[in-house]
Amino acid sequence: MKKYLYETHLHTYPVSRCARAGVRESLEFYKSAGYAGVFLTNHFLDGNINIERNLPYEERLRFYFSDYLEAVKIGEELGISVFLGVEMSDWGTDFLIYGLPMEWFFDHPEIEGMDRVEQLKLLAAEGALIIHAHPFRSYDCMKLFPRFVHGVETYNAGRNDFENAMAEQYAENYNLPKFAGTDNHRAGVQTLFGGMSAESPVENEQDFVTRFKKSELEIFKLKF
Ligand SMILES: [Zn+2]
Ligand SMILES: [Zn+2]
């Protein structure tokens, strides 16, 4: 059966300061690689976003969504689905958030500066899918929130085998569903890929969330 491939963890420049590829280059690459769609998961206002931190919330948010809005247009032109995701950060602890529309973030400025557990509880209550991204990336310290996430990125194409194996064990020990993504910051220069596949096209973000929760999506790993 034909599988529909989705990139779940993708950064673009200029919104993600650390990204090396823009929106068009990234989408052209994924289209040519045969993917059905991508989730843009740029670094949110609490992460490595490429804008002054002292600007008003709304202004930073408009900048944050600018790459996504550009991607939606280019995606239509190229014939590849573009979905919204968000990568939130807490000093080296990162969460991939799926299923909340852009407007939700404009309506909830209180999420900034909120206690992290309270924030995760709110996001979940509002219907978001929360995945702990690369939980064992070796920074100075690692924080785990097993009771407040819905899944674990057990395969991150940018992390080494040890870090991914630790993530896998963490997911198994806490009985958390497994998830995969590339964490691509450089379009087709990237060689290892991870993502989620579906048996029929994903319609929108909520459809993706529902199917993941029903264990209808499968992890895939690719090398180009
Ligand atoms: Zn980054
Ligand atoms: Zn990332």
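Modeller: Hi! Tyr 6 stands opposite Met 196 in β8. This is a predicted model, where local features need pLDDT of at least 70, side-chain atom pairs count only at pLDDT 80 or more, and totals for chains, interfaces and linings use all residues. Residues are numbered from 1 along each chain as its sequence is written, while chains are lettered from A and ligands numbered from 1 in the order in which they are written.

Colleague: Nice! How many bridges join β1 to β8?

Modeller: Three, with strand β1 (residues 4-10) antiparallel to strand β8 (residues 192-198). Strands (E, at least two residues) are DSSP runs, as are helices (H or I, at least four), numbered from the N terminus. Two strands pair if DSSP finds at least two bridges between them.

Colleague: And which residue is the bridge partner of Gly 195 in β9?

Modeller: Phe 220. β8 pairs with β9 (residues 218-223) over six bridges, in the antiparallel sense.

Colleague: Changing topic, what does the secondary structure come to?

Modeller: Six helices and nine strands. The radius of gyration (over C-alpha atoms) is 16 Å, close to the 17 Å from the globule rule for 224 residues, so the chain is as compact as a globular protein of that length. That rule is 2.2 Å times the number of residues to the power 0.38.

Colleague: What is Phe 95 in contact with?

Modeller: Leaving aside neighbours within four places in sequence, Phe 95 contacts Met 88, Ile 130, Ile 131, His 132, Ala 133 and Val 149. Contact means C-beta atoms, placed from the backbone, within 7 Å.

Notes: Two residues are in contact if their C-beta atoms, placed from the backbone, lie within 7 Å.
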